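Good morning, everyone, and thank you for making time for this short talk.

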Amino acid sequence: MKTSRPRLLSWLRTVLFAVSFALVVNQFGIALSVVNGTSMKPTLQNGDRLLINKFSFLFSHPQRGDVITFEDPSQKGRYLVKRVIGVVGDKIEIRKGRLYRNGQVVKERYINSSIEDGDYGPVVVKPGTVFVMGDNRHRFASRDSRYESVGMVPYRLIDGKVELIVWRPSLAAFL
């Protein structure tokens, strides 16, 4: 059976459109990502599949409490996932295992331990950046804004906002 030329061209245009659309959506719309590590425990687990909304910050900036993905400032092509703790102008400090923002203790319902890494700050979040921390507050569990290799995260490195855990491997045994 011989395929007609117009039919082949139509099929090629459809495939080209679908591939182009998928690339644009992945670059500027939504993406899937896999958690590698335990820095966001108990909120996120190693191996969790996440839905990342890349539209979120096209016309706005991250807010306190947002869980975001961003390119690791010290390793191009590697992405980290952390929680936004401070935005422009916030004064961040850690004393005796507790997080303070603008002089007030922050109630963090998403963590399961005090901060074990010692005192930090105070620092003021610079314009065009956010201060991030992992939810796992055990000693040396999260490389985040407290570490020089990450520091305050510039908006330009932010990839998107975590919207949903699509699949958690630890639950697979119960399906």
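This is a predicted model: local features need pLDDT of at least 70, side-chain atom pairs count only at pLDDT 80 or more; totals for chains, interfaces and linings use all residues.

Let me begin with strand E5, residues 91-95, and strand E6, residues 98-101, which pair in the antiparallel sense over four bridges; helices (H or I, at least four residues) and strands (E, at least two) are DSSP runs, numbered from the N terminus, and two strands pair if DSSP finds at least two bridges between them. Within this pairing, the bridge partner of Glu93 is Tyr100 in E6.

Residues are numbered from 1 along each chain as its sequence is written, and side-chain values use heavy atoms, with hydrogens and water left out.

Glu93 also meets Arg95 through their side chains in a salt bridge at 3.1 Å, N to O, where a salt bridge is a side-chain nitrogen of Lys or Arg within 4 Å of a carboxyl oxygen of Asp or Glu. Is Glu93 buried or exposed? With a relative accessibility of 14%, Glu93 counts as buried, whereas Arg95, at 33%, is partly exposed; buried means under 20% relative accessible area, exposed over 50%, and partly exposed in between, with a 1.4 Å probe and protein chains only.

Strands E5 and E6 belong to an open sheet of four strands, in the order E7-E6-E5-E8, with antiparallel pairing. Strand E7 (104-105) and strand E8 (120-124) stand at the edges with a single partner strand each, so one side of each is left without a neighbour in the sheet.

A second open sheet, also antiparallel, has seven strands in the order E1-E2-E11-E3-E4-E9-E10. Here strand E2 (residues 49-53) pairs with strand E11 (residues 158-167) over five bridges, and Asn53 stands opposite Lys161 in E11.

What does the side chain of Lys161 meet in a salt bridge? The partner is Asp66, at 3.5 Å from N to O. Because Lys161 lies in strand E11 and Asp66 in the loop between E2 and E3, the pair ties together parts that are 95 residues apart in sequence. Asp66 is buried, at 11% relative accessible area, while Lys161, at 24%, counts as partly exposed.

I will finish with Asp72, Arg78 and Arg143, which are linked in a network of salt bridges.
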